[in-house]
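User: Could you walk me through how to read a protein surface that sits beside DNA?

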There are 2 protein chains.
Amino acid sequence: MADLSIDIVAKAAGVHRSTVSRAFSRPEAVKSETREHILRVAEGLGYTMSPLAQALRRKTSTFVPLIVPDITNPFFAELAKTMTQAADERGYQLLLCVTNGDPAKTDGYFTAMQAMYAPFGIVAPSTKVDTEALKRFDFGHKVVVIDRVEDDTSVPTVTVDSRRGIMLALDHLHSLGHTSIGYVSGIAGTHTAQDRMDAYLELSAEGNGTPLVLDSGSDPDAGARAAKHYLEMENPPTAIIAANDMVAFALISALGQSGIRVPEDVSVMGFDGLALGARFNPPLTTVRQPIADMGNIAIELAEKQNLNGSVDHVVLEPELLVRASTSGPRK
Amino acid sequence: MADLSIDIVAKAAGVHRSTVSRAFSRPEAVKSETREHILRVAEGLGYTMSPLAQALRRKTSTFVPLIVPDITNPFFAELAKTMTQAADERGYQLLLCVTNGDPAKTDGYFTAMQAMYAPFGIVAPSTKVDTEALKRFDFGHKVVVIDRVEDDTSVPTVTVDSRRGIMLALDHLHSLGHTSIGYVSGIAGTHTAQDRMDAYLELSAEGNGTPLVLDSGSDPDAGARAAKHYLEMENPPTAIIAANDMVAFALISALGQSGIRVPEDVSVMGFDGLALGARFNPPLTTVRQPIADMGNIAIELAEKQNLNGSVDHVVLEPELLVRASTSGPRK
DNA sequence: GCTAAGTATGAGATCGATTGCTGAGATCGG
DNA sequence: CCGATCTCAGCAATCGATCTCATACTTAGC
């Protein structure tokens, strides 16, 4: 147990330290007989290589920062979950970095990431602010962004098709018979939030409805404010699309506190497809993002970029998830 | 930007590498004049020490594993949030380790933690399984557990007083006029879950009510099963305490799907005090755990243990949080 | 003015790996 | 049977810090 270094193993196996090193990291360079012997000895001793020493020498570590604004938001939590798994499988360790939306923190994490030779990092989602930070660090170290990025050229990204998602939501509501469909906006400064909103505005104008934005704020209270707004309207919409599940939760909760029932009085849809939605009251109809895929793909993109410098942009398809928060409009 | 080592800075400042090292990590050992000069030069170059090299030499790093079964569970997410902050402030980096309840993973994380000279780790919450893993690694590296531990002697812990929490819940419900109060159990294998259940059983017997456990399962479906059970009862309780907020959510959701309304038909309480509860429908009455404190204290305990070997056990006070999911019993 | 006790810095070994270079054997064609 | 080629393993420098020891320079006391 105590202090196993490569030299100890080398001595125990009767070879030189460099041979042990090769036995592990470049197996084809060692005669298979020798290699197996070394591996057996190492195994017996319970030896594992020091990731620290390795990283120092190789100038590339296995620490992958996951930079998110708020891990408390279930979307990021679900992302973190799938990412830890994907990371584990490939021998990375995920560093949890929570910015709280503070650009200074993002900067700090980028600096730290360089200092510890991170092979790459994952940022989700990028606000305009993050995009700028990205530029400031002309990265030798690579980043993958789980979101759209203004200037799409330099950074790999993975996103879900916002427009398609909104279309799915609108279609679902239309097919239920709704014609007056409101919208509540989501997280601050995010490209995604912007895209969803734009899509709503466009599509709902096309479908010759009148766009009806109940709240375009970006804080956690958007839901509550939207509810207030709803109550004050003479002709409230019969259905509301929330920019994300969390806002939908808050909205339904606030509505409920004023005696408005979902879906009896008004239908509400979310956007994200959080697991939590299935246990909400009522279970939330929503547009599902394939979060697990996003995590895996992000890491793949990063590795690909490291390998051959390719910068890909993957756009995933959202999916309608009908549960119980939507129904036909009230007569 | 490029490859700043301590030697570069040393050369630039016209001193030896060891002096630069001291200027940073043992300021009092360097003449203040020299030190300031060095610091200025370093600053100008944009130099930061390599945590990797430092850790390798010092045999102690700043990587702190946070080992949780499921980051998707908002309780752990909130914990992770406060812990990243606490960690950041003290110069640690949090490594997110998700076990999914798999003991093999826990073992793996412990091994990794030794390999990378983690000064300590945080485990939450410990199941019996984790406790055993802890023993297996007779830790030179220290661990703090956010939960109770069987054999309390060797590992620092921070917990919330389960009995007191259940008492708070029971008192609240009694004061509302409830006499028939059911219970739904929580997460598998956890000491905390066990403690809460025991407390409920004892206290509710003492208050000469009849304990009424709707479900003692431990999976995410406990809530749904409890609801089913509730519906089948001839004399269902007028109030239900859930072992944790997530179960309460699921319970209320399932109940709602069968037309049972909370709190009109039955009062439901949670236990945790998740931020999410405030935006549930209805907003959840619950027993709040001071999660932020738990995170900070955990790190403090770890540091204290590292310093002087002290093994403390902190028990925090829970707090009643009345929102809208409880009311007087239906006539 | 000279020795004793500090102070402040430099030298160099070390932490645990990787890797280019070198040389010893093995293999092979003619 | 000999030189050419190929394998395989050892040597030693290196990554970026830390830390013990030794040394040069102050400062103090008498």
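**The surface by DNA strand C**

Analyst: Let's start with the make-up: the residues of the surface near DNA strand C split into 10 nonpolar, 10 polar and 9 charged. Near means a heavy atom within 4 Å; Ala, Val, Leu, Ile, Met, Phe, Trp, Tyr, Cys and Pro count as nonpolar, Asp, Glu, Lys and Arg as charged, and the others, Gly among them, as polar. This is a predicted model, where local features need pLDDT of at least 70 and side-chain atom pairs pLDDT 80 or more, while totals for chains, interfaces and linings use all residues. Residues count from 1 along each chain as written, chains are lettered from A and ligands numbered from 1 in written order, and side-chain values use heavy atoms, without hydrogens and water.

User: How do I read polar contacts here?

Analyst: Look for a pair of N or O atoms within 3.5 Å. A side-chain N or O atom of K59(B) is 2.7 Å from a phosphate oxygen of DNA strand C, and one of R58(A) is 3.2 Å from a phosphate oxygen. A polar backbone atom of A53(A) lies 3.5 Å from a base nitrogen.

Notes. A polar contact is a pair of N or O atoms within 3.5 Å; within protein, one must be able to donate a hydrogen and the other to accept it, and residues adjacent in sequence count only if both atoms are side-chain atoms.
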